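Welcome, and please open the model in your viewer.

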Amino acid sequence: MSKGKVVLKLANDISTDIIYPGRFMATVLPTETPQFAFADDKAFNQLLNEGGVPAGSFIVAGDNFGCGSSREQAASCIKGYDITVVARNFARIFLQNSINVGLQMIICPDINAAEGDELEVRENKVWNLASGESFDIQPLPAARQAIIDAGGLIPYTRKLMLERAGQAL
Amino acid sequence: MAMTYVQKLLARACDKDSVATGDILELPVHLAMSHENAALVINQFNEIYRGTSREPSVWDPDRIAIIFDHRVPAESSKTATNHKKTRGFVQQQGISKFHDVRGDVGGICHQILPENGYVRPGQILVGTDSHTTTHGALGAFAFGIGATEMAAVWALGSILNVEVPGTIKVVVNGQLPDGVYAKDLILHVIGTLSAEGANFKVIEFHGETISNLPTSGRLVLCNMSVEAGATAGVVPPDEETVRYLRDEAGVEGELELLAADTDAEYDRVVEIDAAQLGPQIACPHTVDNVKPIDGVKGKKINQIVVGSCTNGRLDDIEIVARTLRGKQVAEGTRLLVFPASWRIYTDAMDAGYLGDLIKAGAVVCNPGCGPCLGIHQGALGDDEVALATTNRNFKGRMGNPGAEVFLCSPAVAAASALSGVITDPREVN
Ligand code: SF4
């Protein structure tokens with residue numbers, strides 16, 4: 001399973017205005033949004049854009065990650081770097097958007113990690129290899145997991161649409 | 001089994017006798033709304049059809065509404081091109097509820113939907129905007145979704161995997177004192193519940209204060225319910241709902257008015273005595289950082305913004321125009337007013353409010369989202385302080401992470417425009 005370093009540690013109530021500032025909202029395509037991820041955090045945005053964050057890295061946050069606007073760019077911009085977000089919990093629309101676009105996110109109510117710590121995800125737990133502690137992952141409801149298993153909402157809907165129209169793929 | 005208003009509505013929508021909190025439902029959608037982000041929805045919608053033998057075709061062009069409001073008129077060639085692409089799609093698919101950049105039919109989506117009679121009690125209404133919760137004011141179950149989810153709605157006509165939410169009942173009794181409004185009430189509720197206190201839940205508003213509140217005020221309550229994390233806010237429909245729909249929105253035909261069972265179970269009940277409330281201010285940088293106005297009175301303000309889908313309605317503009325009539329906006333303070341729709345703009349013009357505002361020194365902007373998200377007009381300078389009747393004060397809102405935004409009612413905004421500092425409207429005559 002995945003292993004990587006915590007590249008950013010965030011507080012509670014991180015809004016989509018912080019993840020993907022409103023002034024970049026005219027940019028919509030998932031292929032183009034990553035350049036503006038965390039644009040107001042100049043150092044981190046630069047690190048991302050210069051390729052300084054390896055795939056499989058983690059962002060760790062507190063409660064209510066992704067609150068605010070429904071902008072899907074906030075999920076697709078992080079997904080572009082193959083970063084996993086581990087938070088104590090997520091705001092509803094952000095959680096659903098992440099599932100829909102395939103952003104890896106982990107609900108981990110007790111997570112405790114600092115920037116630079118190495119994390120590993122296995123056996124339904126997040127292991128902090130720096131402290132030796134492990135934290136339970138809260139599983140998603142089956143209906144949501146099914147969308148992830150299908151590879152996101154687009155392939156999931158494509159299949160459903162064709163089934164309902166009585167056609168095969 | 002006893003059910004809340006929303007549980008009853010959901011049971012009716014999916015043809016069941018009852019539903020319980022936590023049930024997962026696929027719901028037929030009555031209305032699917034998007035704004036500029038329709039450009040992304042269209043992209044994802046076409047993706048769904050990729051590699052199949054089917055042509056992309058929406059399930060029902062009369063149940064889709066597209067309103068340009070976030071960046072109107074276009075501030076950049078990128079936005080203009082998104083607008084253009086969306087117009088093409090609207091025409092090709094025959095989408096009927098389309099509101100372009102026009103002075104007759106344009107405005108902010110959350111005002112356009114109610115004022116055109118698109119919203120009805122009992123509807124399942126989804127929108128690619130978090131403040132879609134607004135429409136619960138007319139008894140719809142209305143909530144925000146992302147663009148890919150909307151693409152699936154356009155293809156299937158239903159929204160998948162909706163969890164029946166638990167409900168927080170907010171009961172408000174007593175009369176709101178002079179100078180205190182629905183905005184103060186909802187700021188108080190958000191301060192009480194916290195920014196995540198209603199996550200994955202519905203806020204249902206009850207009590208005599210709500211019964212006496214006109215729809216314009218109910219829209220404010222439901223609009224900002226999402227700032228406590230709520231999936232939806234809702235006022236169960238009543239006589240006022242019918243009055244608004246018939247008289248102001250031109251709705252004809254039968255209306256179905258469901259009611260919560262008196263013995264329905266709630267996750268939490270919050271009781272509020274409206275008579276005890278004073279003006280409330282949400283301080284930077286979270287909406288739940290709410291303080292009674294006494295704690296922030298006298299704070300110097302560079303820019304005051306009146307408008308948005310929260311408080312850009314005729315009664316809001318009236319309060320500000322009456323306060324400013326024959327007076328001047330304080331030196332060193334800018335006042336921007338942006339009505340929520342062109343219909344409101346025209347009504348405010350006919351009533352003389354716009355003249356009052358302009359003569360007092362206000363800048364009246366065209367209807368749209370404008371300064372609310374600061375990407376189009378009305379952005380803030382470094383270290384500047386704004387006082388706004390909008391609904392969000394997150395860092396970076398209004399276009400500058402180095403600025404501060406305080407949120408308030410139109411009455412506080414008006415009183416403060418005269419003095420240039422945060423001012424209690426009860427102390428101004
Ligand atoms: S006015 Fe502001 S909050 Fe309302 S829809 Fe526009 S951007 Fe969103």
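How many nonpolar, polar and charged residues are there in the lining of the largest pocket? By class, that lining has 12 nonpolar, 10 polar and three charged residues. Keep in mind along the way that this is a predicted model.

**Stop 1: the largest pocket**

Start by selecting Gln104(A), Met105(A), Ile106(A), Ile137(A) and Gln145(A), which are the closest to the centre of the largest pocket among the 25 residues that line it. The pocket has a volume of about 560 Å³. Now colour β4 (105-107), β5 (118-122) and α5 (142-149) of chain A, the elements that give two or more residues to this lining. Of these, β4(A) gives the most, with three residues.

**Stop 2: the contact between the chains**

Next, show chain A and chain B together. Their contact takes 48 residues from chain A and 47 residues from chain B. The two chains bury about 4,000 Å² between them, and 58% of that is on carbon and sulfur atoms. On the chain A side, select Arg92(A), Ile154(A) and Met161(A): these lose the most area to chain B, together 16% of what that side buries.

**Stop 3: a pair of helices across the contact**

Two packed helices are described by the angle between their axes and the distance between the axes. For this pair, select helix α6 (residues 153-164) of chain A and helix α5 (residues 147-156) of chain B, which pack at an angle of about 5 degrees with their axes 10 Å apart. Because angles under 35 degrees count as roughly parallel, α6(A) is roughly parallel to α5(B).

From α6(A), the residues in the contact are Leu153(A), Ile154(A), Thr157(A), Leu160(A), Met161(A) and Arg164(A). They meet Thr148(B), Glu149(B), Ala152(B), Ala155(B) and Leu156(B) in α5(B). By class, this contact has seven nonpolar, two polar and two charged residues.

**Stop 4: the cavities**

Now look inside: the structure holds four cavities of 30 Å³ or more. To centre your view on the largest cavity, select Met25(A), His35(B), His70(B), Asp129(B) and Leu373(B), the closest to its centre of the 31 residues that line it. In chain B, α4 (109-115) and α10 (308-311) each supply at least two residues of this lining. The lining as a whole has 11 nonpolar, 13 polar and seven charged residues.

The second largest cavity holds about 200 Å³ of space. Of its 21 lining residues, Cys67(A), Gly68(A), Ala91(A), Val226(B) and Gly229(B) are the closest to the centre. This lining divides into nine nonpolar, eight polar and four charged residues.

**Stop 5: backbone details in chain B**

Most residues other than glycine have a negative phi, and most peptide bonds are trans.

- Go to the loop between β3 (64-67) and α3 (77-93) of chain B, where Pro73(B) lies. The peptide bond from Val72(B) to Pro73(B) is cis, with omega near -20 degrees.
- Move on to the loop between β12 (280-282) and β13 (290-292) of chain B, which contains His285(B). A cis peptide bond joins Pro284(B) to His285(B), with omega about -5 degrees.
- Finish at strand β7 (residues 158-163) of chain B and pick out Asn161(B). Phi of Asn161(B) is near 55 degrees, a positive value in a residue other than glycine.

Definitions and conventions. Residues are numbered from 1 along each chain as its sequence is written. Chains are lettered from A and ligands numbered from 1 in the order in which they are written. This is a predicted model: local features need pLDDT of at least 70, side-chain atom pairs count only at pLDDT 80 or more; totals for chains, interfaces and linings use all residues. Side-chain values use heavy atoms; hydrogens and water are left out. Axes are lines fitted to C-alpha atoms, for helices over the stretch in contact, and angles run from 0 to 180 degrees between N-to-C directions. Helices (H or I, at least four residues) and strands (E, at least two) are DSSP runs, numbered from the N terminus. Angles under 35 degrees count as roughly parallel, over 145 as roughly antiparallel, 65 to 115 as roughly perpendicular and the rest as oblique. Contact means heavy atoms within 4.5 Å. Ala, Val, Leu, Ile, Met, Phe, Trp, Tyr, Cys and Pro count as nonpolar, Asp, Glu, Lys and Arg as charged, and the others, Gly among them, as polar. On a 1 Å grid over the protein atoms alone, a cavity is a set of points where a 1.4 Å probe fits but cannot get out, and a pocket is an open set with protein on both sides within 12 Å along at least five of seven lines; lining residues have an atom within 4 Å of a point. Grid points are joined across faces, edges and corners, and a volume is the space filled by probe spheres set on the points. Buried area is the accessible area (1.4 Å probe) that two parts lose on being put together, summed over both.
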